[in-house]
Amino acid sequence: GNSVTQMEGPVTLSEEAFLTINCTYTATGYPSLFWYVQYPGEGLQLLLKATKADDKGSNKGFEATYRKETTSFHLEKGSVQVSDSAVYFCALSDQGGSEKLVFGKGTKLTVNP
Amino acid sequence: DTEVTQTPKHLVMGMTNKKSLKCEQHMGHRAMYWYKQKAKKPPELMFVYSYEKLSINESVPSRFSPECPNSSLLNLHLHALQPEDSALYLCASSQGPLRGVEQYFGPGTRLTVT
């Protein structure tokens, strides 16, 4: 079955540091890939997505590239801010357009001033 | 309007109570979802309604009963819950079972069962 593996953290960085959160997946064909963010006490928000190989999703300074050859979708940001402190979830839906999202376990990011 | 609203924000109920959670969206989405999220865990899918019909039930106990009165509304009726059912309940919506579509999540209802 489909699965997502992401680094669990927690990750603690200083403001303006470079961020990478690794995400790899197992799925047949070409799933769609997502990064969601959950701020404390809130629901999940879509951060970015990619639907085919070599697509780059980007939003709010965050980027992730769909790498079919390494089955990866790593999240990066060049300079994090305190306001980026949150839990980040990598997720996939299968190529058939399933209603199901398969989530990774989440990575908690804390950014210190 | 890209908002999914949920009420109430917080709910405390005893094991013999009956209560309902409500979810609403006005994005014209045709799929709506209920998730359960425990602390420090990812959301777990409970139910999916597609075009107002229940399409997925992830073997959820019958003490949780979903209802979709129309394409904009989704309810979750709760009865005889257990303390382990305490969690954040998230509602989401999407355009449907289409490739690459994202789900939009509400802020959740924090449920405590005493």
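**View 1. The lining of the largest pocket in this predicted model, sorted by residue class.** Here we meet 10 nonpolar, seven polar and eight charged residues along the lining of the largest pocket. The pocket itself has a volume of about 590 Å³. Its lining is made of 25 residues, and those closest to the centre are A:Q38, A:V87, B:A39, B:K40 and B:K41.

**View 2. Strands of chain A in the lining of the largest pocket.** Which strands of chain A each bring at least two residues to this lining? They are β10 (86-93) and β12 (107-112). The largest share comes from β12(A), with four residues.

**View 3. The interface of chain B and chain A.** On the chain B side, 25 residues make contact, and they meet 24 residues of chain A. Interface size is often quoted as the accessible area lost when the parts come together. For this pair of chains, about 1800 Å² is buried between them, with 52% of that area on carbon and sulfur atoms. Which residues of chain B lose the most area to chain A? Look for B:R99, B:G100 and B:F105, which together account for 31% of what the chain B side buries.

**View 4. Salt bridges and polar contacts between chain B and chain A.** Two salt bridges cross the interface by the rule used here. One of them can be followed atom by atom: A:K49 pairs with B:E102, and their closest N and O atoms are 2.7 Å apart. Turning to strands, β4 (31-37), β5 (44-50), β6 (53-57) and β9 (87-94) of chain B each supply at least two residues of the side that touches chain A. Sorted by class, that side of chain B has 14 nonpolar, six polar and five charged residues.

**View 5. The second largest cavity and the residues of chain B around it.** How many cavities of 30 Å³ or more does the count give? There are two. The second largest cavity holds about 30 Å³ of space. By class, the lining of the second largest cavity comprises four nonpolar, one polar and two charged residues.

Terms used: Residues numbered from 1 in each chain as written. Chains lettered and ligands numbered in written order. Predicted model: local features only at pLDDT ≥ 70, side-chain atom pairs only at ≥ 80, totals over all residues. Heavy atoms only, no water. 1 Å grid on protein atoms, 1.4 Å probe; cavity = no way out; pocket = protein on both sides within 12 Å on 5 of 7 lines; lining within 4 Å. Points joined across faces, edges and corners; volume = space filled by probe spheres on them. Nonpolar A, V, L, I, M, F, W, Y, C, P; charged D, E, K, R; others polar. Contact = heavy atoms within 4.5 Å. Buried area = accessible area lost by both parts, 1.4 Å probe. Salt bridge = Lys/Arg side-chain N within 4 Å of Asp/Glu carboxyl O. Polar contact = N/O pair within 3.5 Å; in protein donor to acceptor, adjacent residues only side chain to side chain.
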